[in-house]
Amino acid sequence: MKNIMKSIWYEIYHSKLMIRIYIVFIFVMGLIGFLNSETERGTYSAGASGMLADIHEVTYEFPIFILALIVGIICGEDYKDKVANYEVLSGHSRKSIFFARTLMGIIIGSVFATLLCFVPILTAWLKTGWGDSLVFGDVMIRTCLMIFPMLRLAAFFAVLTFLIKNPYIIMAIGFITCMSPALLNNMLAHSKSIFVSIFNMALLCDYKGWSIYNIDPSEGIVYYNSYESSVSSGLVIGTIVASLVMTAFYLFMGYALFRRDELN
Amino acid sequence: MDVSFSIIEFALMIFLFFVAKLSVKRASNRWRLVYATPTFFAIVLAVFGGFDKGQAGIYIAAALQLICLFMTEKEVTKKRIVAIVSALMIAGNLVYMCFSPMYKKLPYLADFEEAFAMMKAHYILGEEKGIDWDELYAKYKPIFKEVDKTQDHVENYKAWHMFTGEFYDGHVSYTETSEGLCRDAICRSYGNDYGLSLARLETGEVVAVNVEGYSNCYTIDSEEHDEIGFYSVKKDFMPDTAEADRLTLKNAGIKNGTVITKWNGIPIDELMNEVTYYMDQYPVRENEEFFIPIYAAGIGPNMEYGDTYVPGETVKDKSDNNIKENTMVNITYLDSDGSEKIVSAPSLGIYAPRLRDTMDKIDKGVNITNLNWQEVTEDTYLIRISQMAYDENTYTTSDYSEMTDKLRGEVLSLKEEGVKNIIFDLRQNGGGSPYFVNGVAQLFAPLGEHLTYYSAVINEATATYERGEDGKYVKGVPSTFEGEDLWHDGQIILLVNAECVSAGDDMTYIMGQFPNVKVMGFTSTNSSCQATTGKDFGAGGISFSAVPNLLEDGEIAIDTYTDHVGRTPFDEKIPFDETAITAIFDEGADFPLDYVANSFD
């Protein structure tokens with residue numbers, strides 16, 4: 001299993017395509033942060049913290065796509081040339097093949113996707129400063145916690161990859177998933193449910209706050225917002241526990257399907 | 001969706017029961033995908049329909065099928081046992097979903113806690129209204145805890161209306177999320193219909209109004225569509241005997257204006273003390289006392305205010321006895337000779353539709369579009385202002401110049417035609433933009449600058465309004481307008497009532513101070529003019545006063561203090577007497593409008 005993991009890591013590390021795609025995503029995420037942050041209070045709050053408070057999905061929406069990409073490539077790319085078949089023939093057990101690929105896929109995917117979440121925060125900060133809407137430490141804790149729902153979602157993508165055996169379809173599913181919070185907002189119910197990974201991410205980026213307005217003779221209605229960024233222990237524990245339990249469940253489900261799979 | 005999900009999963013288990021043997025006869029590696037189907041289906045439904053812990057049994061049952069993936073094709077019996085266990089778990093969960101009141105439990109207590117915390121932090125009139133937050137919490141938490149336990153949406157409605165009534169603020173209100181539950185709660189919260197409403201005359205006597213059986217009065221047979229939707233449900237609450245009993249009061253000689261002296265032996269004035277909540281808010285004590293009799297007419301025999309008998313159901317009376325039959329009240333009245341008589345009036349159904357109809361008959365404004373004119377007499381025109389809104393574009397701005405220009409042209413045109421008097425029909429004006437008010441008021445204001453209110457200074461970091469050392473909110477920017485005095489030689493009457501609220505109060509306050517303007521109505525305006533905010537929770541939403549409007553001395557504008565005395569101008573109370581009763585309920589006339597039209601010099 002260790003050797004398979006090493007070979008996967010070598011492949012990813014030396015994959016120019018993967019590196020280039022990741023750099024493009026860093027650029028895109030940076031641009032998102034740069035364009036969405038405001039220096040002065042207007043309709044939206046000012047500074048990087050204001051951007052995060054007002055536009056929840058700015059950090060996690062696109063990284064879902066890169067997550068699907070990485071998991072799809074690691075778990076599904078080798079079906080084209082039947083590498084997994086050869087690994088079985090050369091004496092590796094199905095268990096080690098499955099868990100090597102899956103663990104590498106979900107760990108690399110979730111780590112790189114979570115790192116991407118920090119990019120728009122950084123570029124917004126460089127452009128407009130932090131602002132006064134949120135506490136920096138709280139935001140960092142919440143963004144670091146993103147790795148858990150990313151891990152859970154990656155495990156789900158891994159299960160799908162082993163079923164569908166086509167990395168490009170997984171990438172398409174990843175694209176649809178990353179667009180779903182924006183496009184399917186009215187269809188997706190119970191957005192506060194911690195047990196669904198994209199909703200867990202939304203919960204981590206949802207800053208409870210108070211919004212009120214004042215009536216100005218010249219400007220009409222002017223809005224003011226204040227946000228509560230502290231992280232409750234319930235949210236931390238719930239995120240970690242739900243993610244680990246569901247990740248384990250998806251791995252179990254994936255292996256149950258993989259162990260008798262024909263690998264072609 | 002929940003039941004469909006259960007049925008589909010149950011059907012999948014039955015299918016898997018048969019697949020267990022079929023996969024041996026027709027061997028294929030693809031059968032294993034079938035065992036993963038229930039889990040995938042559950043995951044997809046959790047994403048689109050929401051994860052529901054009440055369906056945990058179904059989720060576990062679906063996941064259990066994954067064990068079959070570790071069994072060989074020949075282990076048919078084991079797979080079938082797993083399918084049966086899963087099917088039983090799903091069936092058990094379905095029974096729980098169908099019969100347990102805890103399933104899809106509405107968060108009544110959680111809503112109260114969250115709403116209370118929000119109001120305690122951000123309601124701006126706590127001091128002015130004398131609110132003791134600790135006392136309020138101690139009083140209402142046990143009530144909502146009980147409501148949460150019983151999941152009784154009717155008691156939830158009553159509790160919220162009692163709670164919001166404590167503020168004596170027309171802007172504090174609660175609305176249920178579910179329209180159906182809200183309507184059902186209203187139907188069950190105002191008692192039974194005994195064929196009449198009650199009203200108090202100027203003389204102090206309480207009389208029958210809106211009596212069943214008289215033309216222009218509400219009838220239980222009415223199929224007229226109302227805003228709340230009573231027409232669609234009231235027949236469900238009607239006893240079989242309703243049609244036969246419909247004319248009981250008319251046959252006894254009770255008509256609109258008949259003096260009522262007792263209700264089930266209780267002196268009529270004492271009956272009023274039993275009313276504890278209302279459909280609307282009445283911050284002005286005088287207005288509250290005007291409407292109390294209307295609410296009291298639904299009280300049943302030895303029953304608590306609001307308790308409603310529904311055919312086929314049981315309700316308890318004050319002595320904790322079960323009421324299983326249609327209720328009847330003994331109404332003591334003065335007949336045409338002045339002697340006291342008693343009639344036993346059976347319930348004709350729920351009282352809420354007649355209650356609402358009575359208030360509408362008394363309070364409704366002229367039914368024409370906002371900002372439209374109607375000729376009353378040759379030299380008197382009416383302008384209907386039902387809300388302070390012009391169009392979508394201007395509502396959140398301060399620029400109403402387009403509206404003002406249009407109105408100016410219309411006013412000048414009327415002046416040229418020789419019109420001398422204008423009636424502003426502000427009845428049931430629900431409010432809107434204060435800049436709309438300015439845009440209208442400026443046309444009629446004396447020449448010169450007029451101050452309306454000051455905004456309050458806001459703490460931008462915390463988004464809260466804070467009081468200064470003197471206990472008052474800190475004055476911000478004043479709002480002013482320049483008067484044009486277009487109607488200098490004419491007269492204006494503002495026709496108002498207790499449902500004229502918010503920016504409706506503003507217009508009354510501002511224009512009521514002009515020398516040629518008089519304010520009249522059965523009741524004064526609501527006296528609630530602070531700007532509001534609101535929030536939706538699990539089972540409903542609240543709104544409350546959250547943005548101060550200040551007078552020049554820093555005091556809160558218009559809203560009542562703990563004395564519950566109205567602070568808007570009110571020059572003449574239209575007498576609510578026998579003439580008014582006859583005009584409104586017998587003749588179907590717009591009595592307040594007719595009275596005002598005859599009031600001009």
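This is a predicted model: local features need pLDDT of at least 70, side-chain atom pairs count only at pLDDT 80 or more; totals for chains, interfaces and linings use all residues.
Colleague: To start, how many helices and strands does chain B have?
Modeller: The count for chain B is 18 helices and 21 strands.

Colleague: And what does the C-alpha trace of chain B span along its principal axes?
Modeller: The span is about 100 × 65 × 50 Å.

Colleague: What percentage of the residues of chain B count as buried?
Modeller: Chain B has 601 residues, and 44% of them count as buried.

Colleague: Among contacts between residues at least 6 apart in sequence, what percentage join residues at least 24 apart?
Modeller: In chain B that share is 75%.

Colleague: Let us turn to the open sheet of three strands in chain B; what is its order?
Modeller: The order is β1-β20-β19, and the pairing is antiparallel. The edge strands are β1, residues 173–176, and β19, residues 531–536, each of which pairs on one side only.

Colleague: By how much are neighbouring strands of that sheet turned against each other?
Modeller: On average they are turned by 25°, with direction ignored.

Colleague: How many bridges join β1(B) to β20 of chain B?
Modeller: Four bridges join them, and β20 comprises residues 540–547. Within this pair, B:Y174 stands opposite B:I542 of β20(B).

Colleague: Now to β8 and β9 of chain B: how many bridges join them, and do they run parallel or antiparallel?
Modeller: Strand β8, residues 328–334, is joined to strand β9, residues 340–346, by seven bridges, and the two run antiparallel. One residue pair to look at is B:Y333 with B:K341, its bridge partner in β9(B).

Colleague: Which residue in the hairpin of β8(B) and β9(B) takes a positive phi?
Modeller: That is B:G338, with a phi near 90°. The hairpin has five residues between the strands.

Colleague: Changing topic to the interface, how many residues of chain B are in contact with chain A?
Modeller: On the chain B side there are 30 residues, in contact with 28 residues of chain A.

Colleague: Which elements of chain B each supply at least two residues of that side?
Modeller: They are α2 (31–49), β16 (475–483), β19 and β20. Two of these, β19 and β20, also belong to the open sheet discussed above.

Colleague: Which one gives the most?
Modeller: Helix α2(B) does, with seven residues.

Colleague: How do the residues on the side of chain B that touches chain A divide into nonpolar, polar and charged?
Modeller: There are 16 nonpolar, twelve polar and two charged residues on that side.

Definitions and conventions
Residues are numbered from 1 along each chain as its sequence is written. Chains are lettered from A and ligands numbered from 1 in the order in which they are written. Two strands pair if DSSP finds at least two bridges between them. Axes are lines fitted to C-alpha atoms, for helices over the stretch in contact, and angles run from 0 to 180 degrees between N-to-C directions. Two residues are in contact if their C-beta atoms, placed from the backbone, lie within 7 Å. Ala, Val, Leu, Ile, Met, Phe, Trp, Tyr, Cys and Pro count as nonpolar, Asp, Glu, Lys and Arg as charged, and the others, Gly among them, as polar. A residue is buried if 20 or more other C-beta atoms lie within 10 Å of its own, exposed if 12 or fewer, and partly exposed in between; C-beta atoms are placed from the backbone.
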